[in-house]
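Reader: Could you walk me through one part of this model up close? I'd like the packing first, then whatever surrounds it.

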Amino acid sequence: MTSRIPRDSRLRLVRTRPLAAAPRVTDQRRVPRPAPRPPEGTPPRSALAAMARTRLAGAVRVARWADTALGPGTRGGTPDGKGTLSDPTADRAARELGLTVEQVRSDWDIARLAGLVEVHGADARPGWRLRAWDRDDSAVLRGWVALFDAWSLTCAEPGGQGASAVADTVSAMPQVLSFLQLSAGPVPVEQLLDLLGQRVNELRTERCEVPYTAVPEAGPAPTEPAAAPPRPEDRPPSLPVTPDELAPLLEWALGALAGVGALELEGDGPARQATLTPLGSWAVWVKLEQICVAAQSPAGNIEQAAEDMLRGCARLRPKAARAEYQAWLAARPVGRAVTELLAAARGEDALLRGLAFDALRVVGAPAEPVVRDAASEAALRPYALLWLAEHEGADPEDAHQVLTRDEATWLWVDTAAAVADHGEGPMLVRHLESALQPTVPQLLEEVRSVGHPRTVQVLVALAAAHPDPALAKAVRRAAFQVHTGGG
């Protein structure tokens, strides 16, 4: 029996789209939540943007000087992979701008934290916010919020403090800032110290830590010479924490937040008080609102692990999903969030892979080093390369050009697997049109060669969904050949 030769069906060439941009599988029927209004007395966004421009004027000046004076290929940095200015470059900037070297370095660090300068490997280049600085209030406010989020990096930690105590203080400060925002006025620093102590004790209780001084002695007294007692910074944190332990850490935190323009400190000694600035109050309100939005979602995404959060967001339109990502990220440390998202991306569900990288786009620059490392993993490489291209300024419509033919084909199969698992037959047929290959036989040949683990399932699902009997037969034959290892 001879089989009919399959037709050489031509595929319409279209630009590939990110998975999150495709129509969602489940109908979204939530009633839109009214746009929240900031607290009474909050200045309009234009006024807040003007405050942020004033606060970041020095950083903008240094970033623009670097953009003009240090063209592509100029060796103006140190080879530390952090975009640090070299000594000759810092001296030159100080001379030309009429600043001290310390001011130049400080403003440069602020520019990096605010996204005015983006560091890519060993190179630094102007960020998109710098380009939009004079015309886009939203870009200005996002830049200042990025600096606000990085307050703990703007000021050296106090000496003699353990890393765990510093981390606990940073984790507890959002509650302190929320209290300041709700108070809407000056709050004594002593009251903030009590609140910080309560929150740090809660964090340590949640971790079930045992007080360092509560460890019982076991056995007879040692006969060997006693070792030197551990230094305070080497000891594990104990419960409960004392005000004397936290006082220098609170001063450090308040000083750093005042340095970025989030709050103001007045008075001395017991009469010292802290007050949020209009920018600081607005930023805290925005973050609280993001958390409230996620908490009101049907799945309660803010409390979920990354995988469950992504599954909940799969039912949302891209804009609503982005808001969920923002709220979920605001409720946890960035490093932990990025780790969770990549762990979800490494799983078997291709849909979660695409959504995880959409969430990482919301993270932005802090995720770049981890995404670069992920590009060495075959399953994540196409997603990571697209993420990096967009992060470096490529148009999302053209970012796919950074992929090789094999990488683009692998991504096509992975996306098809997501559609097969979560979509419907017609959507999988439409996905066929986004392939790079001009003919079905060529597509099938290249799909077989890339070795995606879901190739057989994708081809079987495509054959079952396609209305053209001849094409479906060719796809089923290809699936059988992949399954049996035949040619």
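This is a predicted model: local features need pLDDT of at least 70, side-chain atom pairs count only at pLDDT 80 or more; totals for chains, interfaces and linings use all residues.

Author: Let's start with leucine 310. Residues are numbered from 1 along each chain as its sequence is written, and side-chain values use heavy atoms, with hydrogens and water left out.

Leu310 is also among the residues with the most contacts inside the largest nonpolar core, which has 68 residues; Tyr325, Leu341 and Trp412 are on that list too. A nonpolar core here is a set of buried Ala, Val, Leu, Ile, Met, Phe, Trp, Tyr and Cys residues joined through side-chain atoms within 4.5 Å. Buried is under 20% relative accessible area, exposed is over 50%, and partly exposed is in between (1.4 Å probe, protein chains only). Helix 14, residues 350-363, gives the most to this core, with 10 residues. Helices (H or I, at least four residues) are DSSP runs numbered from the N terminus, as are strands (E, at least two). Apart from this core lies another one, of 64 residues, including Leu147 and Val241.

Arginine 353 is buried, at a relative accessible area of 6%. Leaving out residues up to four places away in sequence, arginine 353 touches Ala345, Arg346, Gly347, Glu348, Ala379, Leu380, Tyr383 and Asp414.

Definitions and conventions: Contact means heavy atoms within 4.5 Å.
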